[in-house]
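Please look over the structure before reading on.

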Amino acid sequence: MTTQHQIRRRAAATTPVLLILVLLAFVLLVLTFGDRSTARMATDALISVTLVVGFWIFAGNSGVISFGHAAFACVGAYVSAWTTLRPAMKTMLLPGLPAWLAQAEWPVFAAALAGGAVAALLALVTGAAILRLSGIAASIATFAFLAMVNAIWSNWTPVTGGTSSVVGLARYVGPWVALGWAAAAILVAALYAHSASGLALRATREDEVAAAASGIDTFRHRLLAYALSAFFCGVGGALMGHAIGVINPDAYYLSLTFVMLAMLVTGGIGSLSGAVVGVVAVTLAGEALLTLEHGVTLAGVPVSLPPGSQQILIALAMILVLVFRPAGLLAGREIALPVRWVGGRRTDSN
Amino acid sequence: MSLQLVFDALSLGGIYAIAALGIALIFGVMKLVNFAHGQFIAFAVFALIVPSANAVATLGIGALPAPLLITLVLAIGAGLAVLAERLVFRPLRDASPVSLMVASFALGVMLQNLLLVTYGGRPKAVSLWAGLGAPVPVLTAQVPLLQLIVIGAVAAILAGLALMLKRTRIGLEMRAAAEDFGMARLLGVKANVVISGAFALSGALAAVVALVLVAQTGVADVRMGGQIMLVAFIATVVGGMGSLPGAVAAGLLIGAASALLQAFLPPEARPFRDAFLYGLVILVLLARPQGLFAPAGAKPRV
C-alpha cells in the first residue's frame with residue numbers, strides 16, 4: 001500500500017533529479033553550440049550553483065541570512081592552493097607555510113575536499129559562538145566574521161600572499177567538473193532539507209518560539225546546517241580559484257557576498273529550486289548587461305551602457321524583486337513532478 | 001603617553017558611538033539593520049568634492065566656510081537617507097527584517113557603484129581643514145586639535161540628542177515607536193513622520209562621521225564607510241539591539257578597546273588589530289548573547 005505521505009515524499013525526491021537534469025542539458029547545449037567564452041560562462045554559473053546551493057542549506061532552511069559565506073569560499077580556495085601548488089612556487093610566493101604544507105602536492109580532488117572540510121571546521125568553531133545570537137544579531141556577527149577573515153588574509157602575507165594574488169593554480173575546472181560538484185551540492189541539500197534536522201530547522205524558521213516550545217534545539221540544527229553549508233562554499237571557493245588560476249582575498253569579499261545574496265533572493269530563498277533558478281537568472285542578466293556595457297548595435301544604432309552599470313542594475317533588480325515579489329521568482333515552490341505522475345493509481349488495502 | 005591614550009580612546013570611541021547611533025535609531029523604529037549606512041557616509045564624503053576621476057580632488061562644497069559647509073553636508077546626508085526611505089524602505093515597510101536588511105545591502109552596493117562610476121575607483125587626496133592636525137598641549141600630552149573638536153562635538157551631539165528624545169514631542173514619539181510600533185500608531189503617532197525623522201537624523205549622523213573621517217585621513221575613498229559601519233553594527237549588537245544608550249556605550253567601549261590594542265599589541269600583531277577586536281567581541285557575546293544593555297522584552301517569551 002502506498003500512502004499519500006509516501007507519494008509526496010517521492011514527488012519531492014524528483015526535485016534534485018530534475019534540477020540536475022536541467023543543468024546537464026544546459027552543459028550539453030553550451031558544449032555543442034557554444035564557443036570557449038560560453039563554456040567559461042557555463043563553468044562560472046555551475047560554480048555559482050555550488051556556492052549558492054551551499055549557502056541555501058543554511059540560509060534557506062534556517063531563515064537566517066549569513067554575510068559570512070564568502071569567507072568560507074576564501075578559506076576553501078586558499079586551502080586548495082596550499083595543497084596543490086608546486087613546492088617551488090610555494091617557497092617563492094608563500095615562504096611562511098609550515099614545511100609539510102610547503103612540500104604537499106595533493107591531487108586536486110583531495111584538495112577540494114580538504115578546502116571544504118577546513119571551511120566546515122571553521123564554521124563549527126565560529127558558528128558555536130555566532131549562532132547563539134538571535135537571527136538578526138547573528139547576521140551582523142557573520143558580517144564581522146567575513147571582515148575578520150578578510151583582514152587576516154590580507155595581512156598574513158607570508159602564508160596567504162597578502163593582498164597580492166596567488167598565481168599558478170592548476171586550471172582543471174571546466175563545465176564537467178563544475179557540474180559534478182553542483183550536482184553533489186544539490187543532492188546533499190535536498191537530502192538535508194528532508195532529514196529530521198532539516199525539518200526541525202525549517203520549523204524554527206517558521207516560528208522560533210513555537211519550535212523551541214516543541215523541544216527543538218534551534219542552536220544545534222543551525223550549527224549543523226552552517227557547517228554543511230560551509231563545506232560546499234569552501235569547495236565552491238576552491239573551484240573558483242582553479243577555474244581562473246588566480247586567487248586573492250578581495251575576490252572573496254563583499255562583491256561575492258553580494259552576488260550570492262542577489263542570486264538567492266532573486267530565485268527565492270524558500271526553496272532549493274529557487275536557489276538554482278536564481279543563479280541562472282542572475283548569471284544570464286549579468287551576461288546580458290555586460291554585453292550591453294561593451295556596446296551592441298540595435299537597428300543600426302550603436303547602444304551601450306556606461307561602464308559599471310551592471311552592478312547598479314542588478315542591485316536595483318534585487319530591490320524590485322524584494323518589493324514586488326518578496327518571496328523570489330519561485331516563491332518557495334519546488335520544481336518537481338506532479339504528485340499524480342509519481343503516485344500511479346492509489347491502491348486501497350481491500 | 002597614557003593621557004594621550006585617553007584622548008585617542010575618547011575620540012575614536014566617540015566616532016564609533018555616533019555611527020552606532022545612526023544604525024540604532026533606524027533599527028529602533030523599523031527593525032531595519034541598515035547595511036547602506038557606510039555608503040551614506042561615503043556619499044557625504046564625496047558630496048564635498050567636484051565629480052571627476054582625478055587623483056587630487058577639487059573641493060566643491062568643501063571650499064565653503066565651515067558653518068555653511070557643515071550645515072550643507074548634514075542636510076545632504078539627511079536628504080539622502082530620507083530619499084532612501086521614501087524610495088526603497090517605505091514600499092518594504094511590512095516586509096520581514098531579513099528582507100529589509102537584504103534590500104539595504106543592495107542599496108549600499110548601488111550607491112557604491114554610483115560613486116565609482118561618477119568619481120572613479122582610486123582614493124583621492126582631499127585637504128579639508130588641514131590646520132586641525134596641529135598639536136595642542138593639554139596637561140602633559142600633545143593632542144591634535146581635531147581630536148579635541150571631535151570629543152567636544154560628540155559630547156554636544158549626544159547631549160542634544162538625549163534632550164531631543166526626552167523633551168520634545170518627536171523624541172517621545174520615536175521612543176514610543178521603538179517600544180511598540182503598532183501601539184504607538186494606535187495612539188496617534190504618525191508612522192511616516194517618525195520614520196522619516198529617524199532616517200533624517202541617521203543620515204545627518206552619517207554626515208558627521210564623514211566630515212571627521214575626511215578631516216582625519218585627508219582621503220576620499222569609495223570604501224571608507226565600510227569599516228566604521230561594521231564597528232557600528234557590532235556596537236549595536238554588543239549594546240543590545242534596540243537600545244540607544246547601549247549602542248553609545250558599546251561604541252565608546254569598542255573605541256577604547258581598539259585604542260588599547262593599538263597601543264599594547266606587539267608591532268608584528270598590529271595589522272591584525274581588528275581581528276583581535278572582533279575576537280574580543282565574540283567573547284563578550286558568548287557571555288551575554290543578548291548584549292550588554294538589552295532592553296527588557298527583546299526576547300520573545302515562550
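How much area do chain B and chain A bury between them, and how much of it is on carbon and sulfur atoms?

## The interface of the two chains

The model discussed here is predicted. Chain B and chain A bury about 3,300 Å² between them, and 90% of this area is on carbon and sulfur atoms. Of the area that chain B buries against chain A, 17% is supplied by B:Val102, B:Phe105 and B:Met110, more than by any other three residues.

In terms of contacts, 35 residues of chain A meet 38 residues of chain B.

## A helix pair in chain B

Helix H9 (residues 224–239) and helix H11 (residues 273–287) of chain B have axes that come within 11 Å and cross at roughly 15 degrees. Angles under 35 degrees count as roughly parallel, and H9(B) and H11(B) are therefore roughly parallel to each other. The crossing is left-handed.

On H9(B), the contact residues include B:Leu230, B:Ile234 and B:Val238; on H11(B), they include B:Tyr278, B:Val281 and B:Leu285. By class, the contact has 9 nonpolar, 1 polar and 1 charged residues.

## A helix pair in chain A

In chain A, the axes of helix H2 (residues 36–62) and helix H14 (residues 272–294) come within 9 Å and cross at roughly 145 degrees. H2(A) and H14(A) form a right-handed crossing.

Among the residues making this contact are A:Ala45, A:Val49 and A:Trp56 of H2(A), together with A:Val276, A:Val279 and A:Glu287 of H14(A). The contact comprises 10 nonpolar, 2 polar and 1 charged residues.

Note on methods:
Residues are numbered from 1 along each chain as its sequence is written. Chains are lettered from A and ligands numbered from 1 in the order in which they are written. This is a predicted model: local features need pLDDT of at least 70, side-chain atom pairs count only at pLDDT 80 or more; totals for chains, interfaces and linings use all residues. Side-chain values use heavy atoms; hydrogens and water are left out. Axes are lines fitted to C-alpha atoms, for helices over the stretch in contact, and angles run from 0 to 180 degrees between N-to-C directions. Helices (H or I, at least four residues) and strands (E, at least two) are DSSP runs, numbered from the N terminus. Angles under 35 degrees count as roughly parallel, over 145 as roughly antiparallel, 65 to 115 as roughly perpendicular and the rest as oblique. A crossing is left-handed if the near helix is turned anticlockwise from the far one by less than a right angle, and right-handed if clockwise. Contact means heavy atoms within 4.5 Å. Ala, Val, Leu, Ile, Met, Phe, Trp, Tyr, Cys and Pro count as nonpolar, Asp, Glu, Lys and Arg as charged, and the others, Gly among them, as polar. Buried area is the accessible area (1.4 Å probe) that two parts lose on being put together, summed over both.
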